[in-house]
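Dear colleague,

I am passing on the structure we spoke about, and below it you will find an account of what turned up when I went through it. Please keep it open beside this message while you read.

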Amino acid sequence: MTISTFSSLLLVVLAVCSSIAVQGFALKSSSVVKVRHSMVTKLAAAAAPHRASSLKINMEGKTVFVGGVADSSGYGWAITKACADAGT
Amino acid sequence: VCLEFGFGSIVTLFIAGARVLLGTWPPVMPLFKASIDRNTLGEDSILSDGSTMKIDKIYPLDATFDTKELIPESVSTSKRYKAFNGYSIQEVVDQIKADYGTVDYVVHSLANGPEVTKALLDTSREGYLAANSASAYSMVSMVSRFAPIMNPGGAVVSLTYIASEKVRNCVTNLLCSALIEMSLQVIPGYGGGMSSAKAALESDTRTLAYEAGRKYGIRVNTISAGPLASRAAKAIGGKGSEKTFIDYAIDYSKANAPMAHELYNHDVGATAAFLLSPLARAITGKS
């Protein structure tokens with residue numbers, strides 16, 4: 001075996017290895033891209049003004065009476081706060 | 001609404017949420033009012049935009065009394081009540097009507113069982129009826145008395161508890177052991193007729209939803225939330241170094257609930273806000 005044959009064999013081996021490595025990486029990175037893409041799509045949908053406003057809880061101009069609040073540790077307080085916070 | 005903002009500057013803004021009115025049990029009213037007036041609730045009062053929640057008015061309310069005439073003199077002249085007036089349900093409704101005209105949403109977030117630490121077997125008639133009066137009939141009375149001043153499209157939400165649910169017949173599900181089923185459906189430690197009261201509350205939610213829906217166009221729902229270590233819940237059990245009832249309930253939920261994450265009170269706040277809002281306009285009579 002000449003040195004040149006050996007080196008070309010080595011090159012082939014290296015090439016195969018690197019292509020596997022690249023493929024692996026490519027697989028990984030494409031799944032990352034997919035995940036990011038779906039997140040972007042979701043964020044874009046949430047940010048779309050028409051869709052967002054149709055599901056927004058808006059209690060502007062409403063009056064809520066919460067009976068049974070005695071401190072800020074219970075459900076009554078949390079419900080009061082959610083109602084006070086429910087707006088645009 | 002003009003609100004004072006933090007960071008040393010005053011910003012005027014229109015907050016978008018509902019105007020909030022509270023009903024507070026007279027004996028604990030002085031302490032609660034002081035914590036609001038002195039603004040010692042800190043982070044608990046801060047809304048998502050950084051502003052401090054404004055409570056329009058706090059009414060004293062004892063939901064075991066329907067009208068002024070039904071308050072015994074022994075109560076009205078007692079140390080814890082004599083400073084207060086107008087705390088029966090009807091009087092609170094009348095005051096809100098005079099102050100604001102109408103109300104859109106009503107939340108029933110109250111319960112009491114004087115014998116809650118006793119097993120049902122050991123519960124007296126008086127304790128049983130007291131639990132049902134404070135925790136279940138109070139809801140019937142509130143819907144009945146508030147509905148006439150509620151705007152159509154309005155809604156009522158109350159809070160219930162899993163202990164009301166029936167013990168399932170395990171024969172129908174051979175895969176489950178009786179022990180697991182019993183521990184899921186019966187909550188030892190929530191006694192004194194409280195489980196009975198919550199069962200009444202859930203059943204009444206369906207009936208009230210029908211009646212008030214037809215008569216006033218309002219919806220009635222109840223939320224069976226998981227255990228939250230509120231101040232009221234911590235009061236059950238836990239003598240000395242013992243764990244309280246709510247600690248056991250939280251441990252149990254962590255071990256068995258589908259979502260093992262901690263329950264925060266704003267989880268329930270969000271659920272209630274949804275159920276009250278027009279987003280839930282087709283949901284009524286539900287637990």
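This is a predicted model: local features need pLDDT of at least 70, side-chain atom pairs count only at pLDDT 80 or more; totals for chains, interfaces and linings use all residues.

Ala235(B) sits in the loop of chain B that runs between helix H7 (231-234) and helix H8 (245-256). From its C-alpha to that of Ile246(B) the distance in space is 8.7 Å, while in sequence the two are eleven residues apart.

A contrasting case is Asp66(B), which belongs to the loop between strand E2 (55-60) and helix H2 (73-76) of chain B. This residue is buried and yet has no salt bridge, since the nearest side chain of opposite charge, that of Arg145(B), is 4.3 Å away, whereas a salt bridge would need the two charged groups within 4 Å. What the side chain of Asp66(B) does have is a polar contact of 2.6 Å with the side chain of Ser141(B). If its neighbours within four places in sequence are left aside, the residues in contact with Asp66(B) include Ser88(B), Ile89(B), Gln90(B) and Tyr137(B), as well as Ser141(B) and Arg145(B).

Turning to the strands, E1 of chain B (residues 19-24) is largely enclosed by the rest of the structure, because five of its six residues are buried. It runs parallel to strand E1 (residues 63-67) of chain A, to which it is joined by five bridges, and in this pairing Val66(A) stands opposite Leu22(B). E1(B) is also joined by five bridges to E2(B), again in parallel, with Leu21(B) standing opposite Lys57(B).

Elsewhere in chain B, strand E4 (residues 150-160) and E5(B) pair in the parallel sense over six bridges, and there Thr160(B) is found opposite Ser224(B). Strand E5(B), which covers residues 219-224, is mostly covered, with five of its six residues buried.

As for chain A as a whole, it has three helices and one strand, and read from the N terminus its elements follow the order α-α-β-α. Of the 88 residues in this chain, 25% are buried, and the chain exposes about 5,900 Å², of which carbon and sulfur atoms supply 73%.

With best wishes

Conventions. Residues are numbered from 1 along each chain as its sequence is written. Chains are lettered from A and ligands numbered from 1 in the order in which they are written. Side-chain values use heavy atoms; hydrogens and water are left out. Helices (H or I, at least four residues) and strands (E, at least two) are DSSP runs, numbered from the N terminus. Buried means under 20% relative accessible area, exposed over 50%, partly exposed in between (1.4 Å probe, protein chains only). Lys and Arg count as positive and Asp and Glu as negative; His and the chain ends are not counted. A polar contact is a pair of N or O atoms within 3.5 Å; within protein, one must be able to donate a hydrogen and the other to accept it, and residues adjacent in sequence count only if both atoms are side-chain atoms. Contact means heavy atoms within 4.5 Å. Accessible areas come from the Shrake-Rupley method with a 1.4 Å probe; for residues, only the protein chains shown count as cover. Two strands pair if DSSP finds at least two bridges between them.
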